[in-house]
Amino acid sequence: MARNSCILVLASVLLASIASICASAAIFNPISDAHRSAALEFFSPSDGSFGSLEETYEALRTFEVLGIEKEPIIRTSVCASVADTLSSTSSALKDLFQALRVNRILKCELNDKAFAGIVTRLKDSVNAANSLLDFYHSIGGLMLIKDQTSEVDAHLGDADRIFRSIKALSQSDGRWRYSSNNPESSTYAAGIALETLAGVVSLASSEIDHSLVATLKNDIMKLFDGVERYDDGACYFDEKFVDAHGHQDPLSASSSVVRGITAFATATGESLNLPGDKILGLAKFFLGIEIPGSAKDLYHQIDALACLENSRVSVPLILSLPATVLSVSRKDQLEVRVNTVLGFAAPPLSVKLKQIFSSGSKDASVVNQELKFDPERAVHVLEILPENVDVGKYIFSFEISLQDPEHKKRYMTGGRTKVPVYITGVIEVNNAEIAVLDSDIGSIELQKKLDLSGENDVALSANHLQKLKLSFQLNTPLGHTFKPHQVFLKLRHESGVEHIFVVGNSGKKFEIILDFLGLVEKFFYLSGKYDIQLTVGDSVMENSFLRPLGHVELDLPDAPEKATRPPPQPIDPYSRYGPKAEITHIFRAPEKRPPRELSLAFSGLVLLPFFGFLAGLLRLRANLKNFPRSTVPATFAILFHLGIASVLLLYALFWFKLDLFTTLKALGFLGIFLMFVGHRTLSHLASVSAKLKSA
């Protein structure tokens, strides 16, 4: 129980410290090779295809953003599917839209006549649309055709009316409805609507009424007023609406909104004046997911980050640390990288270390030190840590400053970035002593020095009227007192019963005194040898150890009749299911056998009556007239006699070589064979006998 309680207390302390750090700071890393490996694993073509056209586009779009070459492998089969879908008059609007999206990436060989027929159908669908998805697929298809060919006119003549028809589905909070018949609003639908309206602006044959664009910009601001935020600065859009399309999680909803606002900003060419911290928070949300658990989630993540990378809104810059664990003993250097969300190089900038917060303290030390930029490795380096940084957990606050004023309009740094950093080091263990004290006056009966960095094997003895004292000091590389998370002293009886004690600290010294008089019941009055083991450990302590110190012989009084007995010790599974002791068996010596010549002579005497029987048959002129003379009956008769001879041979083999099971198996097959040929032989003899009697 003591051991379990210590572990629970330690776990709660560790979780509390980690939670306090993570609540205020977090590490966000740009897209890396791990995402490319995940994409190759999630999007694996089967028979030259990724599945449906929608799944194919998601795979190709993910590969396109990550720079993975996969087109030649699936190009033939996918282009054939695209051509069939676009040429079919029965294809749904969604299928046409997905086929055109796939064709934008693969650039399949399609003629302009095919596009002309599709444009007419899509324009008719726009005029007859009564739901947001119909508008989205029709206008999105026209946008794709406009980008893929200049020979077909995909422009919309009545763009203002279409814009107002779509805008009528908006809600006061910035969210949108899927249709006028559905009163429920959706964040995911808002992203689709913004992307659709961006297409209307791009396809308009004349300029859209500016008041409509201004109203929509106001709706976007309302939508961003409802963004959710984590403690680490990550922002996301939640989705509570559930319809026939299923529930959209925060990842898909946030990705839809990002696609919508970036498409609308690109189409209008105007600034949306969105809060920069929320744009950076969305980037942190997507990056904080790290590697998603499904192919669709990976597509939403990568596509949204690609939109932020190339948007006219704001391009977020991500500060990351290649290593968040630094050793003061090895004099590690602090390195900082600043990249775009997709991992590309950032514009010229400087990084300053502004403040350092110690774990568990609200006070911060002001540093204001600029990091040196290494152009070869594209990292900012802090060569020497500040003097007041010792072993422990810290939060480093960095500030990014862009050098070009024009870049400040395009890139978003988000002010100060807080990152958790762990400073480790080798802890010095000094003045380690173990002693046996007299219980009355506390005088030292026996005292020995310990070398906690090496091997120890002290031998102590004590009775229930004495005490055991252990003390030592822990110092950091800078000479400060170090307080680790784990300091345990364990005494293990030779019967397997263990007792664990937490070693407390008083000032600069760790010390524990075990009064055996008060522990006799806890020790179950068990006298004998107790092994002593000390555990000292911490996540920032490079030389954590679990070290045996020796043993102590305890002489405790006899247990009273009603004393608590020690708990049964768990049985070692290796002793129960492990290898057993080898069993040695001496077989009985074989009995003496007769000489070989005598055995052969006896075998000859046994066979002699058989040969005599054959000779007697010849001598007595045995009647063989009933032996069949026709070919088929004679064959069965010969096989019957051969079968009987085989049975006799099998008996002989059983006697000399075969075992019982093999013999019975062979005898079973021979018995079936004999029954068949014997029945045919006897049937022939019976028919011959019946003919003779009738004659």
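This is a predicted model: local features need pLDDT of at least 70, side-chain atom pairs count only at pLDDT 80 or more; totals for chains, interfaces and linings use all residues.

Colleague: How do you know that the span of helix 19 agrees with its number of residues?

Modeller: Helix 19 covers residues 660-694, which is 35 residues, and at 1.5 Å a residue these should span 51 Å.

Colleague: Which residues of helix 19 are buried, and what covers them?

Modeller: T663, L674, V677, G678 and T681 are buried in helix 19. What covers the buried residues of that helix includes helix 18, residues 631-656.

Colleague: Now the protein as a whole. How many helices and strands does the protein have?

Modeller: There are 19 helices and 24 strands.

Colleague: Why is the protein called more spread out than a compact globule?

Modeller: The globule rule gives 26 Å for 695 residues, while the radius of gyration is 45 Å. That value is well over the rule, so the protein is more spread out than a compact globule. Along the principal axes, the C-alpha trace spans about 130 × 105 × 55 Å.

Colleague: What share of the residues is buried?

Modeller: Buried residues make up 43% of the 695. The accessible surface comes to about 38,500 Å², and 55% of that surface belongs to carbon and sulfur atoms.

Colleague: What can be said about contacts and charges?

Modeller: Take the contacts between residues at least 6 apart in sequence: 70% of them join residues at least 24 apart. As for charges, the protein has 70 positive and 77 negative side chains, and the centres of the two sets lie 11 Å apart.

**Single residues**

Colleague: Why does E290 count as exposed?

Modeller: The cut-off for exposed is over 50%. E290 has 53% relative accessibility, so E290 counts as exposed. E290 lies in the loop between helix 12 (276-288) and helix 13 (295-309).

Colleague: Why does A378 count as partly exposed?

Modeller: Partly exposed is the class between the buried and exposed cut-offs, which are under 20% and over 50%. A378 has 40% relative accessibility, so A378 counts as partly exposed. A378 is found in the loop between strand 10 (372-374) and strand 11 (379-382).

Colleague: Why does K490 count as buried?

Modeller: K490 has 17% relative accessibility, and buried means under 20%, so K490 counts as buried. K490 is found in strand 19, residues 486-493. Leaving aside residues up to four places away in sequence, K490 touches E498, H499, I500, D531, I532 and Q533.

Colleague: Is Y188 buried or exposed, and how do you know?

Modeller: Y188 has a relative accessible area of 16%, so with the cut-off at under 20% Y188 is buried. Y188 is found in helix 9, residues 187-203. Not counting residues up to four places away in sequence, the residues that Y188 touches include Y178, E239 and Q248.

Colleague: What makes I384 exposed?

Modeller: I384 has 64% relative accessibility, and exposed means over 50%, so I384 counts as exposed. I384 is found in the loop between strand 11 and strand 12 (392-402). I384 and L556 are 172 residues apart in sequence and 57 Å apart in space, C-alpha to C-alpha.

Colleague: Which class does T215 belong to, and why?

Modeller: T215, in helix 10 (residues 210-225), has 37% relative accessibility, so T215 counts as partly exposed. T215 and K167 are 48 residues apart in sequence and 9.4 Å apart in space, C-alpha to C-alpha.

Key:
Residues are numbered from 1 along each chain as its sequence is written. Side-chain values use heavy atoms; hydrogens and water are left out. Helices (H or I, at least four residues) and strands (E, at least two) are DSSP runs, numbered from the N terminus. The radius of gyration is taken over C-alpha atoms; the globule rule is 2.2 Å times the number of residues to the power 0.38. Buried means under 20% relative accessible area, exposed over 50%, partly exposed in between (1.4 Å probe, protein chains only). Contact means heavy atoms within 4.5 Å. Accessible areas come from the Shrake-Rupley method with a 1.4 Å probe; for residues, only the protein chains shown count as cover. Lys and Arg count as positive and Asp and Glu as negative; His and the chain ends are not counted. The place of a charge is taken as NZ of Lys, CZ of Arg, CG of Asp or CD of Glu. The expected span of a helix is 1.5 Å times one less than its number of residues.
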